[in-house]
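Dear colleague,

Please find below the structure that I am handing over to you.

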Amino acid sequence: MKVQLLAYTPDPEKIVAAAAKLCYAHCSVDELLDGLDEEKSRSFVEKLAKMGHESPTEHVSFTFAIEGVSRSLLAQITRHRIASYSVQSQRYVRLENFEYVLPPEIEKNEAAKAAYLEMMQKEAESYEKIAALLKEDHKKALMAQGLDEKAAARKAEKMAIEDARFVLPNACDTKMIVTMNARSLHNFFAHRCCNRAQWEIRALAEEMLRLVYPIAPALFAKAGPSCVQKGVCPEGAMTCGRFAEVRDHYAALKEMLVQGNG
């Protein structure tokens, strides 16, 4: 997994503070911004967090490049609907000898790992075989319609992989660019930093938190699973029962990031 923070709203805490203050201000926006230095902005953002006033945080956004994750993760992350996604297409990109994610629990079990690697190899071979067979049929049909051989082969390739991709597994790796505003990120962290979240998306969520926290520590001061954000676990009987441990983990992580050791 590789995660990069590509871009974000400049001075995010200042923008959030200004958006919140504007609701009750008689002065102009320029005057409002002039009166907000870094310290005042962070102080006001902290005040907003204590009040539970979240809507101003929607005015700042963060854009991530995410690579080396599974299509299984893609199915999970796109359930967070207030976000923008651009994903590598299996319809237009031929995946010869595709990369895939190997779950840690499978990697630890030698027999399971051997079976898994064998299946990935078979999936890759099936994909190539089906794509080749379909391409040949499409090419013949297109040439019969009047296309020259080169043009027919190029178009047939795209038509073939459109259907051949159906044999690709959830493990198949993908890459995407994702943009979320700060409020959506808090929601994402609440669900996906939780111990009950699936291991891959939990690792992604924590890496995204590592990237945004040093930029806006007041804005993400309470970021983490729900038990960190709200102080209580919402999982009821399904709780992991490790609230103190989770809280200490995220407190230590944020301290480390502030010190520049993350």
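Cysteine 233 has a relative accessibility of 35% and therefore counts as partly exposed; here buried means under 20% relative accessible area, exposed over 50%, and partly exposed in between, with a 1.4 Å probe and protein chains only. Please note that this is a predicted model, in which local features need pLDDT of at least 70 and side-chain atom pairs count only at pLDDT 80 or more, while totals for chains, interfaces and linings use all residues. Residues are numbered from 1 along each chain as its sequence is written, and side-chain values use heavy atoms, with hydrogens and water left out.

To continue with the cysteines: the sulfur of cysteine 233 has its closest cysteine sulfur in cysteine 227, at 6.1 Å, which is too far for a bond. A disulfide is a pair of cysteine sulfur atoms within 2.5 Å. Cysteine 23 is exposed, with a relative accessible area of 54%, and its sulfur is 12 Å from the closest cysteine sulfur, in cysteine 27, again too far for a bond. The count of disulfides is zero by this rule.

Next, the overall form. The protein contains eleven helices and four strands; these are DSSP runs numbered from the N terminus, with helices (H or I) of at least four residues and strands (E) of at least two. Its radius of gyration is 24 Å, whereas a compact globule of 262 residues would have one near 18 Å. This radius is taken over C-alpha atoms, and the globule rule is 2.2 Å times the number of residues to the power 0.38. Along the principal axes, the C-alpha atoms fill a box of roughly 75 × 50 × 35 Å. Of the 262 residues, 37% count as buried.

What lies in the interior? In soluble globular proteins, nonpolar side chains tend to be buried together. The largest nonpolar core in this model has 45 residues; such a core is a set of buried Ala, Val, Leu, Ile, Met, Phe, Trp, Tyr and Cys residues joined through side-chain atoms within 4.5 Å. Ile66, Ile77, Leu185, Phe189, Met208 and Phe220 have the most contacts inside it. Helix α9 (residues 199-212) gives the most to this core, namely six residues. A second, separate core has twelve residues, among them Phe98, Tyr127, Leu168 and Ala171.

Which residues surround phenylalanine 220? Leaving aside neighbours within four places in sequence, phenylalanine 220 is in contact (heavy atoms within 4.5 Å) with residues including Phe62, Ala182, Leu185 and Phe189.

Glutamine 90 sits in the loop between β3 (84-87) and α5 (104-108). With 11% relative accessibility, glutamine 90 counts as buried, and its contacts beyond four places in sequence include Arg71, Ile161 and Arg165.

Tyrosine 250 belongs to helix α11 (residues 243-258) and is buried, at 3% relative accessibility. Its side chain makes a polar contact of 3.1 Å with the side chain of glutamate 206; the term denotes a pair of N or O atoms within 3.5 Å, where, within protein, one must be able to donate a hydrogen and the other to accept it, and residues adjacent in sequence count only if both atoms are side-chain atoms. The side chain of tyrosine 250 also reaches the backbone oxygen of cysteine 193 at 3.5 Å.

With kind regards
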